[in-house]
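Dear colleague,

Please find below the structure that I am handing over to you. My notes on its strands, helices and backbone follow it.

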Amino acid sequence: MITPLLRSTRDNIMLKIYGFDVSPRALKVKMCANVLGIDYDDFPVNLPAGEQKTEEYLAIHPAGKIPAIEDDGFILFESNAICKYLCRKSRSELYPEDLFRQALVDQWCDFVAIHIDVHYVSLLVNKVFAEQLGVEVDQRALMERPLFIDQYLTVIEGQFDDNRYLAGNEMSVADISLLATIDPSELLEIDIASYPKLNAWRDDLRSRDFYRKVHNFYGESMMAGD
Ligand SMILES: N[C@@H](CCC(=O)N[C@@H](CS)C(=O)NCC(=O)O)C(=O)O
């Protein structure tokens with residue numbers, strides 16, 4: 001059954017997040033709202049049921065993708081753009097105003113999106129959700145994606161040699177982006193422990209409230225595998 005969209009369950013909440021629980025990109029937006037202390041209404045869009053392609057949802061995202069937000073009537077999509085918007089709205093240093101620091105945060109957000117996120121999502125689709133989504137398993141993706149992931153997680157591991165966080169010694173929205181992107185690692189049999197500095201950074205962030213609040217699907221899977 002299609003969930004009714006555009007109807008808030010709580011009238012006093014301005015921010016609506018359209019997402020899907022197993023989407024790392026949607027979890028990223030929720031983690032970001034949590035860090036910033038922004039209350040939101042969760043609007044699940046059922047991807048396997050095709051809810052993202054309904055006329056009602058296409059009015060929010062013309063390509064029928066999640067996540068998207070509606071903030072007091074302002075509609076925005078693309079998870080990184082949403083997180084940066086929420087940070088700027090909250091005047092948070094998670095997206096610093098300083099020209100150089102902001103450029104580095106942008107650099108790492110783009111790096112994660114272009115070189116890591118796409119490979120994780122392809123693995124997620126092919127290894128876990130192909131049947132549910134009714135798509136044929138791409139065997140080449142199953143072979144190649146882990147190699148790309150290793151190549152680029154090795155770069156991230158090197159970045160933690162001299163930095164506590166991804167874009168320097170202060171936590172930024174780039175950390176939230178990476179944390180959400182690699183959230184399904186256990187499910188995908190990607191051994192984060194083989195990147196010790198990345199692993200320690202991840203353990204630290206996963207112990208925090210903003211993460212634990214969205215820690216449901218993957219969390220349960222990870223615990224089952226622990
Ligand atoms: N670059 C976008 C990716 C959005 C995206 O592709 N979302 C996927 C789920 S993670 C989706 O909505 N897929 C549904 C479809 O393509 O029908 C972002 O970061 O927000």
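Two strands are said to pair if DSSP finds at least two bridges between them. Please keep in mind that this is a predicted model.

**The sheet**

By that criterion, β1 and β2 are paired: they run parallel and are joined by five bridges. Within this pairing, Lys16 has Asp41 in β2 as its bridge partner. Both strands belong to an open sheet of four strands, ordered β2-β1-β3-β4, in which the pairing is mixed. At the edges stand β2 (40-44) and β4 (74-77), each of which pairs on one side only. On average, and with direction ignored, neighbouring strands of the sheet are turned by 20° against each other.

At the other end of the strand order, β3 (residues 68-71) pairs with β4 over four bridges in the antiparallel sense. There, Ala68 stands opposite Phe77 in β4. Helix α1 packs on the sheet, where it touches β1 (15-19), β2 and β3, and its direction makes about 155° with that of β1. As for β1, this strand is mostly covered, with four of its five residues buried.

**Helix contacts**

In general, two packed helices are described by the angle between their axes and the distance between the axes. Two pairs deserve mention here, and α6 takes part in both.

On the α1 side, the contact is made by Pro24, Leu27, Lys28, Met31, Cys32 and Val35, which meet Val173, Ile176, Ser177, Leu179, Ala180 and Thr181 in α6. Sorted by class, the contact of α1 with α6 has nine nonpolar, two polar and one charged residues.

The second pair is α3 (residues 79-89) with α6, whose axes come within 10 Å and cross at roughly 145°. This crossing of α3 and α6 is right-handed as well. Asn80, Cys83, Lys84 and Cys87 in α3 meet Val173, Ile176 and Ser177 in α6. The residues of this contact divide into four nonpolar, two polar and one charged.

**Backbone points to check**

Most residues other than glycine have a negative phi, and most peptide bonds are trans.

- Ile66 and Pro67 are joined by a cis peptide bond, with omega at about 5°. Pro67 is found in the loop between α2 (55-58) and β3.
- Asp72, in the loop between β3 and β4, has a positive phi near 50° although the residue is not glycine. Asp72 counts as exposed because it has 8 C-beta neighbours inside 10 Å, and the cut-off for exposed is 12 or fewer.
- Arg91 lies in the loop between α3 and α4 (99-133). Phi of Arg91 is likewise positive, near 50°, in a residue other than glycine. With 9 other C-beta atoms within 10 Å, Arg91 is exposed.

With kind regards

Notes: Residues numbered from 1 in each chain as written. Predicted model: local features only at pLDDT ≥ 70, side-chain atom pairs only at ≥ 80, totals over all residues. Axes fitted to C-alpha atoms, helices over the stretch in contact; angles between N-to-C directions. Contact = placed C-beta atoms within 7 Å. Nonpolar A, V, L, I, M, F, W, Y, C, P; charged D, E, K, R; others polar. Buried ≥ 20, exposed ≤ 12 C-beta atoms within 10 Å, placed from the backbone. Left-handed = near helix turned anticlockwise from the far one by under 90°.
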